[in-house]
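Dear colleague,

Please find the structure below, together with its sequence. My notes on what was found in it follow.

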Amino acid sequence: MREGRRMAQKDKPWLFRTYAGHSTAAKSNELYRTNLSKGQTGLSVAFDLPTQTGYDSDHVLARGEVGKVGVPVCHLGDMRALFDRIPLEQMNTSMTINATAPWLLSLYVAVAEEQGADVSRLQGTVQNDIIKEYLSRGTYICPPKPSLRMITDVAAYTAQALPKWNPMNVCSYHLQEAGATPEQELAYALATGIAVLDDLKGKVEPAEFPAMVGRISFFVNAGIRFVTELCKMRAFTELWDEICCDRYGIEDEKYRRFRYGVQVNSLGLTEQQPENNVYRILIEMLAVTLSKNARARAVQLPAWNEALGLPRPWDQQWSLRMQQIMAYETDLLEYGDLFDGNPVVAAKVEELKDGARAELKLLDEMGGAIAAIDYMKGRLVESNAARLNRVEDGETVVVGVNRWQGGEPSPLTAGDGGIMVVDPAVEQDQVSRLNQWRATRDTAAVEAALARLRADAEAGRNIMPASIAAAKAGATTGEWAGVMRQVHGEYRGPTGVSPNPSNRTEGLEPIREAVDAVSTRLGRRMKFVVGKPGLDGHSNGAEQIAFRARDCGIDITYDGIRLTPEQIVAAARDQQAHVVGLSILSGSHLPLVRDVMERMRAAGLGNIPVIVGGIIPDEDAAQLRAMGVARVYTPKDFELNRIMMDLVSLVDPEAQAA
């Protein structure tokens with residue numbers, strides 16, 4: 001083909017997906033069928049936090065979290081309702097599920113069988129990447145080693161029963177949101193793939209292994225640095241081919257292909273001037289669609305208003321239309337790769353590959369991804385701190401945030417506020433149906449199925465057959481996860497926040513002096529307890545607040561994610577806190593903060609100021625302040641030094657006396 005000439009046959013477009021799910025299975029089903037009718041070509045299921053962390057909707061830790069960031073699925077009946085009138089044999093379904101991936105896939109298979117589908121023809125993906133949960137997203141349950149075995153149990157099962165299914169979606173998406181540099185994102189994701197394949201080799205026949213390598217897919221992030229992100233994707237494809245060839249001896253090129261889906265960067269979406277997010281989303285999509293040789297196989301775009309709250313159906317439709325215009329109105333799919341032979345691109349790709357190889361070598365020397373979890377977590381927190389410093393100092397320009405803040409009010413947020421609000425009654429409705437399910441099932445059959453599951457897990461057998469049997473018998477998500485907790489134990493991941501201050505004090509001197517002065521007036525070092533109530537595992541904000549407070553000379557206590565209000569209040573009492581900080585990004589801030597505030601007063605700690613951070617609409621912030629919350633911070637409050645001075649003023653006895 002002469003250079004510049006169109007291809008003889010136009011490429012097929014990537015799968016169009018929208019990451020969706022909320023409230024109940026029935027409401028989410030309605031949303032899915034509506035999106036499919038608008039031209040969406042694949043499903044991407046968002047599960048709520050109790051489902052992701054293995055709790056039923058009536059568990060104490062599920063309070064306020066049911067249906068907020070996704071759909072609750074407690075049992076076969078919920079999964080049946082979720083896919084009602086959607087023929088699974090014809091779908092390509094992505095399920096963003098990790099710790100409970102074996103269970104949700106079991107429910108999916110059970111529903112497909114009820115529909116009369118040929119299970120061997122099912123197509124889709126379970127994310128099933130627990131390593132990045134320890135590093136960035138926090139929906140893990142069990143320790144790393146048994147969790148890795150569950151990942152490869154799913155993979156080995158699909159090798160036999162679901163040959164078209166992607167059993168694992170190595171997810172670097174959240175690594176970038178947690179602060180990863182492009183080199184770290186490449187290395188940590190590839191190290192995860194290596195850990196899975198090393199373990200999987202012992203579970204499948206050697207003749208089956210190359211095909212299983214070919215079923216491993218990736219899910220990546222595309223940020224605003226367009227050229228770097230495009231080159232990163234080309235580096236990913238070349239490095240994965242190199243690993244498959246050199247480490248695993250995969251000869252067939254099609255099994256070495258780097259197959260990936262993408263959601264572009266939600267972290268970069270701004271609460272300020274949110275209409276600017278439309279341009280950001282489009283530019284980020286270009287990085288993963290323009291280069292034919294590194295083009296995503298599936299794309300899902302966030303909505304323009306995700307920094308404000310839960311998108312409405314219209315917002316999701318707008319993002320879908322962006323994909324359709326790119327694929328069908330432009331001539332992008334009519335040409336070969338636009339960047340082959342480009343010296344600038346080639347040089348950047350080699351630079352990224354060299355950096356990633358060096359990091360991979362270090363991880364390998366540590367014993368691989370599982371052994372290096374604490375190291376990787378610490379590096380991510382440091383990288384994220386450096387990223388935030390660049391924004392705070394103005395070195396990194398974010399339009400409407402740290403430059404050109406003035407502007408016209410956005411008409412997009414007028415009227416209803418521009419977001420969807422989940423009805424609080426959803427939780428009780430879900431719990432009522434869960435109780436009805438338990439009351440009408442065959443209890444003896446459930447107990448027998450769970451006993452078999454426990455025996456298989458203890459014996460090291462593949463848990464998928466027993467999980468599918470438990471799904472059909474009527475077991476619940478909490479019961480399945482309860483067996484895994486009993487057999488393997490629970491795990492608390494590293495926070496990445498060392499108690500030792502860093503060497504970075506530049507620009508912090510006035511705050512450190514203020515902290516020293518107020519500590520003298522208090523009679524001891526100013527104490528700050530940071531807590532994350534509920535199931536929200538997105539800990540970046542809490543980590544960076546604790547990190548900066550520590551470097552400002554404040555004595556911090558941060559014990560990580562998934563704490564109950566009771567535990568946070570106990571820590572405030574035991575640590576003799578001067579101020580308490582709560583971080584919640586799941587939309588459950590009102591019930592969780594109310595619970596904390598009531599318990600603080602009951603414990604005689606009502607005089608301790610409480611600050612709250614999260615994705616919090618203005619009307620909710622007003623309610624929080626009415627509860628007694630001293631300060632409310634949202635993504636627009638990017639100046640951490642200003643927050644530190646707020647903390648000092650809140651606890652200063654002289655300021656309070658004045």
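I begin with strand 4. Asn 92, Ser 94 and Thr 96 point to one side of this strand, while Thr 93 and Met 95 point the other way, and all are buried. Strand 4, residues 92-96, is thus mostly covered, with 5 of its 5 residues buried. Please bear in mind that this is a predicted model.

Strand 4 has two strand partners described here. Strand 3 (residues 43-46) runs parallel to strand 4 and is joined to it by 4 bridges. Within this pairing, Leu 43 has Thr 93 of strand 4 as its bridge partner. Strand 5 (residues 123-126) also pairs with strand 4 in the parallel sense, over 4 bridges. Here the bridge partner of Ser 94 is Thr 125 in strand 5.

The next topic is the aromatic rings. A search of the whole structure finds 16 aromatic pairs. One of them is formed by Trp 103 and Trp 480, which are stacked, at 6.3 Å centre to centre and with 25 degrees between the planes. Which parts of the chain does this pair tie together? Trp 103 belongs to helix 4 (residues 101-114) and Trp 480 to helix 18 (residues 477-488), so the pair connects parts that are 377 residues apart in sequence. Both Trp 103 and Trp 480 are buried.

Trp 314 and Trp 318 form a tilted pair, with 5.1 Å from centre to centre and 40 degrees between the planes. Both of these residues lie in helix 12 (residues 313-329), 4 residues apart, which is about one turn of the helix. Are Trp 314 and Trp 318 buried or partly exposed? Trp 314 is partly exposed because its relative accessible area is 43%, and Trp 318 is partly exposed at 31%.

Ring pairs also link Phe 218, Phe 236, Trp 240, Phe 258 and Tyr 260 into a cluster.

I turn now to Asp 536. Asp 536 is found in the loop between strand 11 (527-531) and helix 20 (540-551). Its relative accessibility is 2%, so Asp 536 counts as buried, the cut-off being under 20%. What does the side chain of Asp 536 reach? The side chain makes a polar contact with the side chain of Lys 532 at 2.7 Å, and it reaches the backbone nitrogen of Leu 585 at 2.8 Å. Leaving aside residues up to four places away in sequence, Asp 536 touches several residues, including Leu 49, Glu 65, Ile 561 and Ser 583.

Finally, there is helix 22. At 1.5 Å a residue, the 14 residues of helix 22 (residues 589-602) should span 20 Å, and the end C-alpha atoms are 20 Å apart, which agrees. Among the buried residues of helix 22 are His 589, Leu 592, Val 596 and Met 600. The buried residues of this helix pack against helix 21 (565-574), strand 13 (579-584), strand 14 (610-614) and helix 23 (618-626). Gly 604 follows helix 22 and has a positive phi, near 75 degrees.

Yours sincerely

Methods: Residues are numbered from 1 along each chain as its sequence is written. This is a predicted model: local features need pLDDT of at least 70, side-chain atom pairs count only at pLDDT 80 or more; totals for chains, interfaces and linings use all residues. Side-chain values use heavy atoms; hydrogens and water are left out. Buried means under 20% relative accessible area, exposed over 50%, partly exposed in between (1.4 Å probe, protein chains only). A polar contact is a pair of N or O atoms within 3.5 Å; within protein, one must be able to donate a hydrogen and the other to accept it, and residues adjacent in sequence count only if both atoms are side-chain atoms. Contact means heavy atoms within 4.5 Å. The expected span of a helix is 1.5 Å times one less than its number of residues. Rings of Phe, Tyr and Trp (its six-membered ring) pair if their centres lie within 6.5 Å; planes under 30 degrees apart count as stacked, over 60 as edge-to-face and the rest as tilted. Two strands pair if DSSP finds at least two bridges between them.
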